[in-house]
Amino acid sequence: MRSAPKELNIDTIEKMVPEHQREDSEVAMAIGEAAMHRGLYDIAEKYIGKALQKEPNQPQVKEVLGDLLLRRSRIAEQVVNDRGPTKEEKGYLEKAKKLFTEVLNEYQKSNLTASSIRVLLKRANVYIGLNNFGATEEDIVFAYQLQPTNLEVVYRYASIKLKAENWDGAIDLLDTLIGKGLMCSVELSLSQCLDKRNLKGDKKRALLLLQSRLNDLGKEDPDLRREYLATLVDLERQTVGVEKAIEMLETLPPNTVSDEFVIVLRGEIYRLDGHKDKAENEAKKAIEKIRPETSIQDKRRIATFLQVVGLYKEALGLWKTLVQPEYIGRDTYRLMESAHQCEDVAFITEFAEKLRSIGLWERKLFELELDYREKYHDDNGTQKVMEEFLADHSDMEYAPYVRLRLSLLGIRTEKQDLIEKDPTKLPQVTEVNAQIGRWVAVVLRHGPEPTKGVEYAYELVRLNWNQKEAHIAMIGSILAPVGPVVNIDQPEIAAPGAAVQYQENDTRELRWHIIENSVVSTPESSRNEFSPDHPHSIEIIGKKAGEHFYLVKDGIQERTATIKNVLSKYVYRFNYCLEEFESRFPGTQAVKRLIIKEEDGKPDFAPLDRLVEKDADFSQKIEEKYNKQLIPIYTVANLKSRQIIEAMQHIISTPKIRFKCCTGSNEEMEIAECALRESENIVVDATALGTIFLMNSCEMFIKIPRKLIVSQGTIDDFRQLLHIYDKPQSTVGTYTKNGFIPWTPKNIEEIRRSLQELLDLIEKHCVVESGLIVGELEASCRSQLVRIFGQLGVESMMLAARVGHSLWTDDLATAEFARMEFGCQRVWTQEIVDYFCMEDTLEADFEAEVTMNLMHMGYYYTRPNVRSLLKTVDKSHGDVDKGPLSQALDWFGDLNVNIEGIVHIGAMFLKSLWQSDHLENINQTVTIRMLERLSARSQGVNVIHFLVKKRA
């Protein structure tokens with residue numbers, strides 16, 4: 001049975017053996033081995049299991065069962081594809097390891113050296129599958145110690161030397177195997193070692209070695225042939241040139257390797273020789289050459305080559321057909337790298353999620369997934385992924401960094417429970433680079449003891465003295481406008497931890513002396529740090545400003561100094577970092593100091609005024625463009641580096657600029673009404689939220705009978721704005737040509753409270769969705785759209801493009817683009833209020849209030865009605881030069897407004913105005929100013945006659 005030809009199937013073999021004889025352990029094991037060699041693992045396991053039941057202590061049976069488990073783990077495929085095991089394969093490997101260990105112990109007890117070596121090499125293969133390379137080496141070294149003349153053992157031992165880049169040791173061992181009739185892999189390994197060592201004559205000898213076995217290559221495994229030829233071709237290129245290497249490829253014996261592989265090798269020759277265009281052409285030829293019968297290994301080689309020459313899109317398409325989310329190996333990294341280069345966000349997050357669902361994760365893939373989830377505002381997904389990792393605790397070394405990242409998410413989303421409270425669970429200052437340390441300081445500053453952030457930043461600077469990120473961390477730990485206020489106790493008496501300024505009494509020179517009590521690193525005198533037991537520290541401790549101490553006290557020429565100032569060492573280092581930053585790190589914009597000098601006892605604000613003028617000039621250019629072109633308000637915000645509300649406020653408060661909201665056409669209104677009737681879901685973009693905020697009409701969220709959706713990016717934009725107004729003492733205000741006008745603490749507090757109310761209502765009454773949908777766009781298109789509309793604008797448009805959704809935006813440019821590019825149905829604030837007022841969901845008085853406010857803010861086009869016009873009169877107390885009445889009257893002079901519509905509304909307005917309780921002089925003034933607006937229009941005189949007659 002063991003010697004039966006492979007063409008003989010297992011059914012035939014079973015029929016050849018009487019049923020009662022199949023119960024014999026030796027026969028059962030033979031049938032099992034026959035089934036195993038034919039890849040019928042279930043049948044093999046059945047028979048080998050029978051043999052083990054009959055002879056449970058027989059090591060040979062256990063060894064065969066171990067062989068079966070090793071095969072079931074697809075160890076050969078793992079090695080060839082350089083991948084890790086799947087969850088199922090790992091289970092087989094663990095069982096095989098246990099069996100081989102038991103068998104090895106039995107063989108060693110019986111002094112069966114050859115059998116022990118055989119099992120050691122098998123167990124080494126198991127360890128390779130389990131990625132335990134230390135144990136692999138131990139088994140191979142042990143086998144070599146048992147029998148250093150065994151050819152297979154020598155070869156495996158040489159592979160250890162090769163892996164360790166011990167070229168001399170590997171070459172010496174492999175040299176002993178040449179000419180022994182072994183596989184071509186010996187010459188391959190030896191030539192690779194010679195190529196790497198690269199002493200004089202090594203490459204030439206390596207080439208001759210490979211050429212000597214070229215005729216034997218057809219008998220070898222296809223995978224070995226591919227690697228052999230790849231090495232040979234590269235050596236040909238290096239030693240005899242490109243033309244000879246290509247000529248050798250063209251004269252290969254038939255069927256040595258596939259045509260696809262030959263094309264890839266030719267492309268590699270061109271690439272390594274610097275001919276990028278030719279290499280790309282060969283890569284494209286290889287893609288065209290792929291057929292259904294093309295082997296997986298050839299496809300892998302083609303995909304790898306595509307990636308190397310920069311054809312990531314094509315490589316990704318091929319990798320997706322080859323790599324499944326069942327394991328993590330080199331191909332997994334190649335797949336994800338291609339996806340990353342193509343920014344295939346949806347694929348990256350879905351693939352990573354599938355890997356995690358079967359218990360597989362790896363740090364690089366984990367961070368790549370988190371990067372994209374954070375970039376596309378998937379806050380809930382980001383939180384879930386990190387919390388799942390921390391619950392597993394599979395990598396304790398990496399856990400502090402995950403807690404750091406989760407804490408930063410908590411700070412950004414204002415989820416205090418996500419912020420790590422225990423400093424010992426975050427990356428320690430002695431173990432991080434300056435960039436990571438900077439973020440740790442931020443997290444600690446938002447913790448229960450904000451001064452911990454200052455202390456951490458202080459030590460970070462000391463350990464990373466020449467890194468700007470560390471200095472930024474020190475400055476930000478105290479000066480950051482966002483986050484808790486940090487109060488540092490200032491000592492009156494010098495003690496460890498104090499920075500003391502003193503003046504030498506003989507030279508009058510001022511110096512600083514930090515009594516450094518850090519346990520993190522030793523004091524450095526070049527930074528004015530001295531230990532508490534330093535002679536000067538001993539003299540200074542216990543003294544306060546104005547007291548004297550000895551610099552030298554030797555009874556010969558004594559020198560004294562006077563203490564001028566005593567500060568906390570943290571305050572001293574903060575001041576130093578702030579004052580010296582520009583000189584130490586020139587060109588860095590992270591910190592900008594404006595020095596306000598005094599002249600004649602008054603502060604000179606000239607630098608600040610110049611900053612204001614620069615900003616004002618830039619703003620004027622943006623305003624001119626906005627006036628002349630249909631530019632999204634998102635673009636205005638991006639250009640000004642402001643949040644959306646700030647950009648809207650800027651446009652609204654700028655004279656002679658109207659906020660472009662809609663065209664006001666009947667067709668536009670009909671389409672919007674249809675959208676409101678048919679849409680169950682309304683995506684509310686940042687401009688709509690900005691309108692609601694500026695009108696202080698947050699109750700709209702509660703009353704509109706639709707599912708309202710807001711993108712996470714939009715929430716984040718509003719939350720960032722809230723952080724700016726987080727403290728009443730924040731220096732915020734408006735840049736104008738007349739200078740910087742600061743807002744009062746009361747103004748700031750009102751804005752902060754209104755923003756918080758809006759955010760609370762959004763989170764309570766709206767569905768917040770991530771922006772991962774933006775990742776579905778092609779990368780170059782996505783990049784361009786984000787540059788114009790910002791991440792949050794694109795998120796809203798794409799969320800609204802789904803069936804049953806409409807987009808609520810008050811920006812005309814956004815609406816037009818969303819309609820043309822994504823087919824979005826669009827509505828805007830006034831249309832929503834009008835529609836739901838007609839549906840009796842909103843009150844008529846509320847609708848009039850909203851319309852009045854929109855007219856006051858210059859939203860174009862806003863349609864007034866009689867009720868809203870009367871409200872403008874009340875709001876302005878009849879002052880025709882004051883808003884919102886002034887803007888309402890301007891509507892009558894707008895040449896873009898249909899004259900017929902004006903006649904009807906004007907007549908009804910005048911009638912209601914004169915029937916109201918207003919004083920007669922107010923009614924007269926309003927009437928006269930309205931008629932003046934009308935008189936400037938063509939046919940305006942006819943309208944005036946009609947209105948006067950109508951009023952009479």
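This briefing covers side-chain interactions in the structure above: salt bridges, aromatic pairs, charges over rings, nonpolar cores and cysteines. The model is predicted. It holds 67 salt bridges and 23 aromatic pairs, and a search of the whole structure finds zero disulfides. Its largest nonpolar core has 216 residues.

**Salt bridges**

- Lys-569 and Glu-516 form a salt bridge in which the closest N and O atoms are 2.7 Å apart.
- This pair links distant parts of the chain, since 53 residues separate Lys-569, in helix H28 (residues 569-584), from Glu-516, in the loop between strand E2 (510-515) and strand E3 (529-530).
- Both partners are shielded: Lys-569 is buried at a relative accessible area of 3%, and Glu-516 is buried at 2%.
- Glu-516 and Lys-569 also belong to a network of salt bridges whose other members are Glu-459, Arg-462, Arg-527, Glu-529 and Arg-573.
- Arg-719 and Asp-716 meet through their side chains in a salt bridge, with 3.4 Å from N to O.
- Helix H35 (residues 712-724) contains both Arg-719 and Asp-716, which are three residues apart, or about one turn of the helix.
- Arg-719 and Asp-716 are both buried.
- Arg-511 pairs with Glu-509 in a salt bridge, and their closest N and O atoms are 3.4 Å apart.

**Aromatic pairs**

- Trp-465 and Tyr-576 form a stacked pair, with ring centres 5.4 Å apart and 20° between the planes.
- Trp-465 lies in the loop between helix H25 (451-463) and helix H26 (468-479) while Tyr-576 lies in helix H28, so the pair ties together parts that are 111 residues apart in sequence.
- Trp-465 is buried, with a relative accessible area of 19%, because the limit for that class is under 20%.
- Tyr-576, at 23% relative accessibility, counts as partly exposed.
- Phe-581 and Phe-585 form a tilted pair, at 5.2 Å centre to centre and 50° between the planes.
- Phe-581 and Phe-585 are both buried.
- One aromatic cluster is made up of Trp-361, Phe-366, Phe-389, Tyr-398 and Tyr-401.

**Charges over rings**

- Arg-527 lies over the face of Trp-465, 5.2 Å from the ring centre.
- Arg-573 has its charged end over the ring of Tyr-576, at 5.4 Å from the centre.
- Both arginines, Arg-527 and Arg-573, are members of the salt-bridge network named above, and the rings they cover, Trp-465 and Tyr-576, are the two partners of the stacked pair.

**Nonpolar cores**

- Within the largest core of 216 residues, Leu-229, Phe-701, Trp-808 and Phe-909 touch the most other members.
- Phe-909 is in contact with Val-866, Leu-869, Leu-870, Val-873, Phe-892, Val-926 and Met-930, leaving aside neighbours within four places in sequence.
- Another core lies apart from the largest one and has 33 residues, among them Leu-426, Val-432, Ala-457 and Val-461.

**A buried glutamate**

- Glu-831 lies in helix H39 (residues 829-838) and counts as buried at 1% relative accessibility.
- Not counting residues up to four places away in sequence, Glu-831 touches Met-669, Ala-672, Glu-673, Leu-676 and Arg-863.

**Cysteines**

- A disulfide is a covalent bond between the sulfur atoms of two cysteines.
- Zero disulfides are found in the whole structure.
- For Cys-193, the closest cysteine sulfur is that of Cys-184, 16 Å away and therefore too far for a bond.
- Cys-193 counts as buried, at 0% relative accessibility.
- Cys-661 is likewise in no disulfide, and the nearest cysteine sulfur, in Cys-662, is 4.6 Å away.
- Cys-661 counts as buried, at 3% relative accessibility.

Terms used: Residues numbered from 1 in each chain as written. Predicted model: local features only at pLDDT ≥ 70, side-chain atom pairs only at ≥ 80, totals over all residues. Heavy atoms only, no water. Salt bridge = Lys/Arg side-chain N within 4 Å of Asp/Glu carboxyl O. Helix = DSSP H or I, 4+ residues; strand = E, 2+ residues; numbered from the N terminus. Buried < 20%, exposed > 50% of the residue type's maximum accessible area, 1.4 Å probe, protein only. Contact = heavy atoms within 4.5 Å. Disulfide = S-S within 2.5 Å. Core = buried A, V, L, I, M, F, W, Y, C linked by side-chain atoms within 4.5 Å. Phe/Tyr/Trp six-rings, centres within 6.5 Å; stacked < 30°, edge-to-face > 60°. Lys NZ or Arg CZ within 6 Å of the ring centre and 35° of its normal.
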